[in-house]
Each structure stands twice: as structure tokens, then as C-alpha cells.
Amino acid sequence: MDKYMDAGGNFFDTADIYTGGTSEKWLGEYLASKRSRAVIATKFSGNTDDGARARRRLALMHHRIVVPEKGNPNGGGNSRKNMVESLDTSLKRMGIDAVDLYYVHV
């Protein structure tokens, strides 16, 4: 990423569901001293509880469609509750207080 930034790159895109959230953590660690030079985008929508992640991984491994978890309507999706909670979690993972672009993962 150093070469990318040295060449003038400044846009970083991630999502709360990428690698179980570790991509946001690593991005935050990398950009800690470079935040003012970066545009950070992240996404939300997927169900990020542990059971949903495990089912999604299993489905992807076997090329199956993921069925949303029954009984947890606020565990994912585009509700205000999930949006606010997902943003709060993403900000904590990255160790920042704001993102530059926040959008729905489709």
C-alpha cells in the first residue's frame, strides 16, 4: 500500500464483512499515521453475527445461496439499527472517528 500512496493513491475501500472485520482493523492500523492523506470507504448490510458468518463461509465454500438467519431481523440488512451499529463497530475496528464514504454492500 506504500507504493499505492507514494504514487498518489488515496482511496481505500473495505466492508464490515470482509475477512470477518480484519480488513478494517488492518486498514486502520496501516493508515493510523496517514489518515489525513486517505479517503476511507466502508460498507454495511450483511449479518455479521458469528453464526451468520459461519453459515456464509460454509455456503460460499459449497457454492450455495445464503439464507438469512431466522429470528434476528436486526442482525443485518439495511435497517437504521444495523446501519448505526455497523458503523460504530467499523469505526472502533479502524480506530478512527469518521469514514469519508459509507454505503450499502450489495
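This is a predicted model: local features need pLDDT of at least 70, side-chain atom pairs count only at pLDDT 80 or more; totals for chains, interfaces and linings use all residues.

**Entry: Lys 81 and its partner**

I looked up what Lys 81 pairs with. Glu 85 forms a salt bridge with Lys 81, and the closest N and O atoms are 2.9 Å apart. Both residues lie in helix α4, four residues apart, which is about one turn of the helix. Glu 85 is partly exposed too, at 40% relative accessibility.

**Entry: another pair on α4**

Next I checked Asp 88 and Lys 92. Their side chains meet in a salt bridge, 3.1 Å from N to O. Asp 88 and Lys 92 are separated by about one helical turn, because they sit four residues apart in helix α4. I then compared each with the cut-offs. Asp 88 has a relative accessible area of 37%, so I put it down as partly exposed. Lys 92 comes out at 62%, so that one is exposed.

**Entry: Glu 24**

Is Glu 24 buried or exposed? Glu 24 is at 0% relative accessibility, so it counts as buried. I found it in helix α2, which runs over residues 22-31.

Which residues does Glu 24 touch, leaving aside its neighbours within four places in sequence? I listed Thr 14, Ala 15, Asp 16, Thr 42, Ser 90, Arg 93 and Met 94.

Then I went through the polar contacts of the Glu 24 side chain. One is with the side chain of Thr 42, at 2.6 Å. Another joins the side chains of Glu 24 and Arg 93, also listed at 2.6 Å.

The Arg 93 contact is a salt bridge as well, with the closest N and O atoms 2.6 Å apart. Glu 24 lies in helix α2 and Arg 93 in helix α4, so this pair ties together parts that are 69 residues apart in sequence. Arg 93 has a relative accessible area of 24%, so I wrote it down as partly exposed. For the tally, the structure has six salt bridges.

**Entry: the buried side of α2**

I wanted to know which residues of α2 are buried along with Glu 24. The list is Ser 23, Glu 24, Leu 27, Gly 28, Tyr 30 and Leu 31. They cover an arc of only 165 degrees around the axis, which means they are on the same side of α2.

What covers the buried residues of α2? I noted that the cover includes α1 (2-6), β1 (11-13), β2 (39-44) and α4 (80-94).

**Entry: a nonpolar patch**

Tyr 4, Phe 11 and Leu 101 make a nonpolar surface patch of about 270 Å². I followed up on Leu 101, which has its place in strand β3, residues 101-104. Its relative accessible area is 38%, so Leu 101 is partly exposed.

Conventions:
Residues are numbered from 1 along each chain as its sequence is written. Side-chain values use heavy atoms; hydrogens and water are left out. Helices (H or I, at least four residues) and strands (E, at least two) are DSSP runs, numbered from the N terminus. Buried means under 20% relative accessible area, exposed over 50%, partly exposed in between (1.4 Å probe, protein chains only). Contact means heavy atoms within 4.5 Å. A polar contact is a pair of N or O atoms within 3.5 Å; within protein, one must be able to donate a hydrogen and the other to accept it, and residues adjacent in sequence count only if both atoms are side-chain atoms. Patches are made of residues with over 30% relative accessible area and no salt bridge: like charges are joined within 9 Å, nonpolar side chains (Val, Leu, Ile, Met, Phe, Trp, Tyr) within 5 Å. Accessible areas come from the Shrake-Rupley method with a 1.4 Å probe; for residues, only the protein chains shown count as cover. A salt bridge is a side-chain nitrogen of Lys or Arg within 4 Å of a carboxyl oxygen of Asp or Glu. The arc is that of the directions from the helix axis to the C-beta atoms.
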